[in-house]
Amino acid sequence: PRDGAPGREGLMWRRASTRESHGGAWGSPRGRTDDADWQEGDDEPTAARRAAARETHEEAGVVIGHEEFLHLANWTTPEFMPKRFATWFFVAAVGEHADAKADGVESDDLAWWTPTDALAARNRREIDLGPPQFVTLDSLRRFASVADALAVRAAEEAFDFRPRFVNDERGAVCVYHGAPAYAAPERVDGPEPHPRLVMPKRGEWVYVRTQ
């Protein structure tokens with residue numbers, strides 16, 4: 001993110017529509033950890049940060065040192081998916097004058113969005129966001145500045161999201177391990193506090209937070 005004229009903005013990247021997986025969806029540069037991302041003595045978090053820095057440069061043209069990336073969360077694709085991935089999410093400050101540019105292969109557009117504007121655009125069906133991207137943006141919009149966001153992220157433990165979907169007449173509710181509804185779907189609307197993403201067939205997505 002950066003502190004821009006309209007407020008705190010994040011650099012968002014649209015996956016090329018020609019890509020087989022999630023073509024046209026908005027998010028951030030992504031990719032797998034390559035052998036070159038590992039150096040002697042590295043642990044997995046360090047290698048993942050190197051991969052994040054490399055992909056950000058390759059796909060968005062932005063140079064950020066790997067040590068500047070703060071671990072935000074981990075997401076594992078649901079059990080019913082034919083292909084499953086364990087994904088590391090990071091956040092890092094971007095210089096005000098960063099020369100971001102889509103690579104034309106993995107990405108076909110880049111834009112600076114405030115989290116609030118991006119979430120509203122998704123709810124107006126103007127852009128496509130997946131549940132991980134929606135929840136990530138929602139978690140970042142509570143901060144007044146990039147410095148505030150990075151300070152909190154440096155102090156907090158990254159959350160491990162392992163989602164399951166509960167379907168009912170409204171649509172779908174994405175719940176996470178530790179929630180009562182994870183093992184007992186009928187408790188999705190129970191009184192126990194638990195984070196969940198409500199995704200109705202009609203109407204706006206809403207992430208229900210517990211803090």
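**Reading a predicted chain: loops, strands and cover**

Me: Where is the place of G65?

Reply: G65 lies in the loop between α1 (44–60) and β4 (70–76). Helices (H or I, at least four residues) and strands (E, at least two) are DSSP runs, numbered from the N terminus. This is a predicted model, in which local features need pLDDT of at least 70 and side-chain atom pairs count only at pLDDT 80 or more, while totals for chains, interfaces and linings use all residues. Residues are numbered from 1 along each chain as its sequence is written, and side-chain values use heavy atoms, with hydrogens and water left out.

Me: Is G65 buried, partly exposed or exposed?

Reply: Buried means under 20% relative accessible area, exposed means over 50%, and partly exposed is in between (1.4 Å probe, protein chains only). With a relative accessible area of 24%, G65 is partly exposed. Sequence and space can also be set side by side for this residue: G65 and G95 are 30 residues apart in sequence, and their C-alpha atoms are 12 Å apart in space.

Me: How many helices and strands are there in the chain?

Reply: The chain has five helices and eleven strands.

Me: What radius of gyration does the chain have, and what would a compact globule have?

Reply: The radius of gyration is taken over C-alpha atoms, and the globule rule is 2.2 Å times the number of residues to the power 0.38. For 211 residues, a compact globule would have a value near 17 Å; the chain has 17 Å, which agrees. The C-alpha trace spans about 45 × 40 × 35 Å along its principal axes.

Me: How many of the residues count as buried, as a percentage of the chain?

Reply: Of the 211 residues, 45% count as buried. Accessible areas come from the Shrake-Rupley method with a 1.4 Å probe, and for residues only the protein chains shown count as cover. The chain exposes about 11700 Å², of which carbon and sulfur atoms supply 50%.

Me: What share of the contacts joins residues 24 or more positions apart?

Reply: A contact means heavy atoms within 4.5 Å. Among contacts with a separation of 6 or more, residues 24 or more positions apart account for 51%.

Me: Which strands does β2 pair with?

Reply: Two strands pair if DSSP finds at least two bridges between them. Strand β2 (residues 7–15) has seven of its nine residues buried, so it is largely enclosed by the rest of the structure. Strand β1 (residues 2–4) runs antiparallel to β2 and is joined to it by three bridges. A hairpin through two residues connects β1 to β2, and G4 has G7 of β2 as its bridge partner.

Me: How many residues of helix α3 are buried?

Reply: An α-helix has 3.6 residues a turn, so residues three or four places apart point the same way. In helix α3 (residues 131–140), ten of the ten residues are buried; they include P131, F134, V135, D138 and L140.

Me: What is the phi of R125?

Reply: R125 is not a glycine, yet it has a positive phi of about 65°. This residue sits in the loop between α2 (115–123) and α3, and at 43% relative accessibility it counts as partly exposed.

Me: Which residues does F165 touch?

Reply: Leaving aside residues up to four places away in sequence, F165 touches P78, F80, P131, A172, V173, C174 and M199. F165 belongs to strand β8 (residues 163–168) and is partly exposed at 31% relative accessibility.
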